[in-house]
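Here are my notes on the structure you sent over.

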Amino acid sequence: MQAYILKRLLQIIPTLLGITLITFVIIQMAPGNPAVLKLQMLKGQGTLGARGATSAQIIKQTEALYGLDKPLYVQYYRWVKRVFTLNFGDSYTDHRKVLDKIAERLPITLELNLISIFLVYLIAIPCGIYSSTHEGAWADKALTLGFFILYSLPNFWVAMLLIMFLGGGSFWDIFPVYGISSIGSQTMGVLPWLLDRLWHMVLPVVCLTYGGLAYLSRLTRASMLEVIREDYVRTARAKGLSERVVIFKHAFRNALLPLVTIMALLLPSMFGGSVIIESIFSIPGMGQLGFQALLGRDFPVIMAITTISGFLTLIGLLISDILYAVLDPRIKLE
Amino acid sequence: MEIPSEVKGEAPNTYWKMVGHHFRKKKLAVLGLWVTLVMIGVAVLAPLLANDRPVFFYQGGKASFPLLSGADRLGPFIWKELRKDNPFILQHIRAHGGAIALWPLVKYSPDEYNLLDYLTGPNARHWLGTDDNGRDVLARMIYGARISLSVGFVAVGIALLVGILLGAVAGYFGGWIDIAVSRLIEIMLTIPTFFLIIAIIAVKGAGIYNIMVVIGLTGWMGIARFVRAEFLKLKQLDFITALRALGASHKRIIFLHMLPNAMAPVLVSAVFGIAGAILTESSLSFLGFGVQPPTPSWGDILSQSRDYIDFAWWLTVFPGLAIFASITAYNLVGEGLRDAMDPKLFR
């Protein structure tokens, strides 16, 4: 087991190098390099004349500052060397440490996604079990169809509809649609602050939750249906156990396997959703940071986010494999 | 022994006939298939469905097709004047000696500005309202179907090409090729794909061809895995050994003998892939990384609606419905196909 985990941890390194290399090459193909963008920014502020000589000089200096004048492989080598000491460099836009920027935004994204994953499991598992034990009944059909529809709903559309109909304007004004807390929330007491924050989170969490909910509920149903047809479930019924015990003790525990292992993969996959949802609701999280970094060609931030989310995904995969072996003694890790 | 003739055409006797047979039994899947076909029809026939000129014009014994000529008038007949007070598709004109005009369903073209008519809700003339430039939303949505579907099909085509090639080579040859391809698949699956797509579009510039290529190149991994797994199984079978013994080339074995046997799961994931590509394209357009502004796309209309979210519900509801309906339709077809191909049903 320990040898297996160690082997897998070592395997993460080449995969991570592959991920970062692909991202590095892609963003370095950019026609507008950050030095030129920087110059345009300075011009916009009016601190510079538009004279050619000065411009060229500034571009050169900026390139030298960020090491952009070196060949690509040297840049990549330097980047990798720095990352091994957990130094992701400084942001191009405000010269702050990338890691600091991420550290202040990661908790918000994690908070949203953890709440949402909790809700996904809380709702999906009972629904899935109910569906599977009432297979073919109208309630099962309604749930299955409902979850199918939820699964196909684009999350940005749902976000827009919620903002439109529940977030003010000409329709109901129930939920706030901007940020994660009201202005002046720092001066509130603990309880009002918490309520205010939860109130702000309702709509984004709904948008982040329903897709995973639909997916997991369908998975629970399928997994339960598979198990319920097994011989040992028939045996359990035959020896006169109550239906409750048969379903929860004999069937559900065995159906749980894919549900637990999928959890490790849910968290990283939610990052993609966060990019859209956070930018719609103006939530200062990782998704919004990533989106702004892409708009501003902030290479160090883009690289850091790709690396960190790639790393989290790989760890998630590893945990899911280990969980498999822990939960199912038939599976041996080699 | 002679086969009794009445057996013919009774039970489905080939694999694909059996799949078709089981597919037809699923009502929702068939409904999904109809929706996709209607949408393809709308996309192909868009100029006939939404246009600011009549499709057909008959005057003084002479027939013409104003849609093709492109001129905004024919003699004394000015198309925009004619359409003004005419709610019907077939129009009889009394003036100038009489004429008959056959109009498209929507009498507006997708990029026709009318600033006097901006941001009006659904009404008799603009059935789904107008946007901030006074353009007809329904006309834009009809043309938007072209973008969504062509991105969906081309992107999945690219994904199929890459996925099948890599998966087949990896599964067939094994060894270091397999290791390399499997590693690449793992890397691509670990990259946050949507983030990567935005990154590439941000770098290479928005444009329909870039979007097709990028979605295709980031969406082949599932297909490659299916093909690889099928090839690993198939290459153990006797008929492949027999082919090798007969001296068939690798290319021949892979493409003529193994690939047809591995197509079933590939087809299913291709159908789901179309739904995914449509979703990705509309998300990109929504974020402003989609097709360039004058070109109508569903995500682009939704993204315009962000500025008028206080009241312009028609800009949000209708294009979103179109995206949702097409994604649902392809998912239904994919699910129906997957279930119909399930060998458990063939017992």
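Predicted model: local features only at pLDDT ≥ 70, side-chain atom pairs only at ≥ 80, totals over all residues.

1. What lines the largest cavity? The residues are B:Tyr108, B:Ser109, B:Glu112, B:Asn114, B:Asp117, B:His126, B:Gly134, B:Arg135 and B:Asp136. By class, this lining splits into four charged, four polar and one nonpolar residue.

2. The chain contact. Chain A puts 46 residues into the contact and chain B puts in 43. Between them the two chains bury about 3,800 Å², with 80% of that on carbon and sulfur atoms. On the chain B side, the residues that lose the most area to chain A are B:Thr190, B:Phe195 and B:Val203, which together account for 19% of what that side buries.

3. Polar links across the interface. How many salt bridges are there between chain B and chain A? The count is one: B:Glu335 pairs with A:Arg218, and their closest N and O atoms are 2.5 Å apart. If you're listing polar contacts too, the rule finds five residue pairs across this interface, both residues being at pLDDT 80 or more.

4. Where the chain B side comes from. The elements of chain B giving two or more residues to the side that touches chain A are helices H7 (175-190), H8 (193-204), H12 (250-287), H13 (298-305) and H14 (313-341). H14(B) supplies the largest share, at twelve residues. Sorted by class, that side of chain B has 29 nonpolar, eight polar and six charged residues.

5. Salt bridges overall. Over all chains, the rule gives 19 of them. One to look at in chain A joins the side chains of A:Glu111 and A:Arg197, at 3.0 Å from N to O. Why pick that pair? A:Glu111 sits in helix H5 (residues 98-133) of chain A and A:Arg197 in helix H8 (residues 190-228) of chain A, so the bridge ties together parts that lie 86 residues apart in sequence.

Technical notes. Residues numbered from 1 in each chain as written. Chains lettered and ligands numbered in written order. Heavy atoms only, no water. 1 Å grid on protein atoms, 1.4 Å probe; cavity = no way out; pocket = protein on both sides within 12 Å on 5 of 7 lines; lining within 4 Å. Nonpolar A, V, L, I, M, F, W, Y, C, P; charged D, E, K, R; others polar. Contact = heavy atoms within 4.5 Å. Buried area = accessible area lost by both parts, 1.4 Å probe. Salt bridge = Lys/Arg side-chain N within 4 Å of Asp/Glu carboxyl O. Polar contact = N/O pair within 3.5 Å; in protein donor to acceptor, adjacent residues only side chain to side chain. Helix = DSSP H or I, 4+ residues; strand = E, 2+ residues; numbered from the N terminus.
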